[in-house]
Amino acid sequence: MRVVHELSDLPSALTGASLALGNFDGVHRGHQAVLAAAMKVAAKGDTAAGAMVFEPHPREFFRPDVPLFRLTTMETKLELFEALGLDFTVVMRFDAELARTRAGDFIEAFLVRRLAITHAVAGFDFQFGKDREGTPEFLSRAGKEHGFGVTIVERVSGAEGLFSSSAIRRHLEAGEVEQAAQSLGYRWFVCGEVIGGDKRGRDLGFPTANISLRVGTRLRLGIYAVRVRRGAGEDARVHDAVASYGVRPTFGGGQPLLEVFIFDFSEDLYGETIEVEFVGFIRPEARFDSIDALVARMNEDLEAARGLLAAAPAHDSRLDAALGFAKG
């Protein structure tokens with residue numbers, strides 16, 4: 001998949017595309033429906049299928065003092081797009097100039113002149129342009145004016161309601177990782193470099209790989225059954241594990257840290273980037289009155305994690321569910 005940061009670098013073969021528009025934080029099942037619609041139109045018209053996203057997230061631009069709980073980094077978002085089958089993604093820098101651009105000017109300058117799109121696809125709630133004047137209805141009228149087709153994807157929902165990034169964030173804030181996975185179409189995961197800690201886990205008999213999650217992450221503090229992925233493609237290695245995300249109240253607290261204990265594992269991971277996939281919630285974080293009580297509960301957590309993981313099959317790829325939804 002081609003990633004374009006400057007429209008002047010867009011290859012001519014990618015003009016005239018079917019283009020999905022949105023922020024796509026999480027690339028959840030509602031987003032996947034938008035992307036699938038763009039790819040379906042592209043296949044019929046024998047054109048490229050692409051997406052246009054904005055970085056930083058507009059909410060981060062307008063409210064920099066309020067960290068956003070982002071479900072996916074841009075790197076992860078692009079990886080998901082590629083796995084789903086897009087030909088290219090345009091990453092538009094969201095800055096003061098773009099924030100001042102009227103919706104009509106945005107369409108004319110970028111979609112018509114520079115990209116020469118043949119079709120635009122957006123979700124029912126997508127808004128763009130200064131003062132968010134670019135509604136789905138506005139986009140449809142502009143398509144008729146400029147000669148490109150427009151598809152507006154209506155609400156996509158499951159048993160628990162509408163698929164939305166906000167709802168998924170609420171699930172994760174409550175520790176409801178299984179419900180989040182139902183809406184995402186894949187299990188939520190984070191990536192990070194393994195950093196040094198105070199080695200307290202090693203002293204307790206549970207050496208951990210520690211990762212600092214990005215500012216704004218509001219995952220519920222607690223103990224989780226997780227899977228750790230190292231490497232990519234055919235070289236990927238997947239390990240069952242139990243993880244604590246918390247402030248370590250038994251030892252006086254601190255900044256939230258993700259501490260992962262990998263079962264039957266003794267390799268040194270310092271400096272390695274790993275992915276941690278959340279499979280199930282075991283219990284909230286708690287303070288213990290003694291080290292013995294803590295260790296006893298950690299052993300119980302380990303067994304609980306083994307049980308949850310045994311009941312949750314590991315996919316060859318964490319994207320299997322998402323791919324199945326988009327291409328089914």
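1. Helices (H or I, at least four residues) and strands (E, at least two) are taken here as DSSP runs, numbered from the N terminus. By that definition the chain holds eleven helices and 14 strands. The radius of gyration, taken over C-alpha atoms, is 22 Å, close to the 20 Å that the globule rule gives for 328 residues, so the chain is as compact as a globular protein of that length. The globule rule is 2.2 Å times the number of residues to the power 0.38.

2. This is a predicted model, in which local features need pLDDT of at least 70 and side-chain atom pairs count only at pLDDT 80 or more, while totals for chains, interfaces and linings use all residues. Residues are numbered from 1 along each chain as its sequence is written, and side-chain values use heavy atoms, with hydrogens and water left out.

3. Along its principal axes, the C-alpha trace spans about 70 × 40 × 40 Å. Of the 328 residues, 49% count as buried, where buried means under 20% relative accessible area, exposed over 50%, and partly exposed in between (1.4 Å probe, protein chains only).

4. The largest pocket contains about 990 Å³ of space. A pocket is an open set of points on a 1 Å grid over the protein atoms alone, where a 1.4 Å probe fits, with protein on both sides within 12 Å along at least five of seven lines; lining residues have an atom within 4 Å of a point. Volume is the space filled by probe spheres set on the points, which are joined across faces, edges and corners.

5. The lining of this largest pocket comprises 39 residues, and Asn-23, Asp-125, Phe-126, Gln-127 and Arg-132 lie nearest its centre. At least two lining residues come from each of α1 (29-45), α2 (58-62), α4 (96-100), β5 (119-123) and α7 (165-173).

6. Arg-132 belongs to the loop between β5 and α6 (136-146). Its phi is near 55°, a positive value in a residue other than glycine. At 52% relative accessibility, Arg-132 counts as exposed.

7. Val-27, in the loop between β2 (18-21) and α1, likewise is not a glycine and has a positive phi, of about 45°. Val-27 counts as buried, at 1% relative accessibility.

8. A cis peptide bond, with omega near 0°, runs from Glu-55 to Pro-56. Pro-56 sits in the loop between β3 (49-55) and α2.

9. Arg-229 is placed in strand β11 (residues 222-230) and counts as buried at 13% relative accessibility. The C-alpha atoms of Arg-229 and Glu-277 are separated by 7.8 Å, although these residues are 48 residues apart along the chain.
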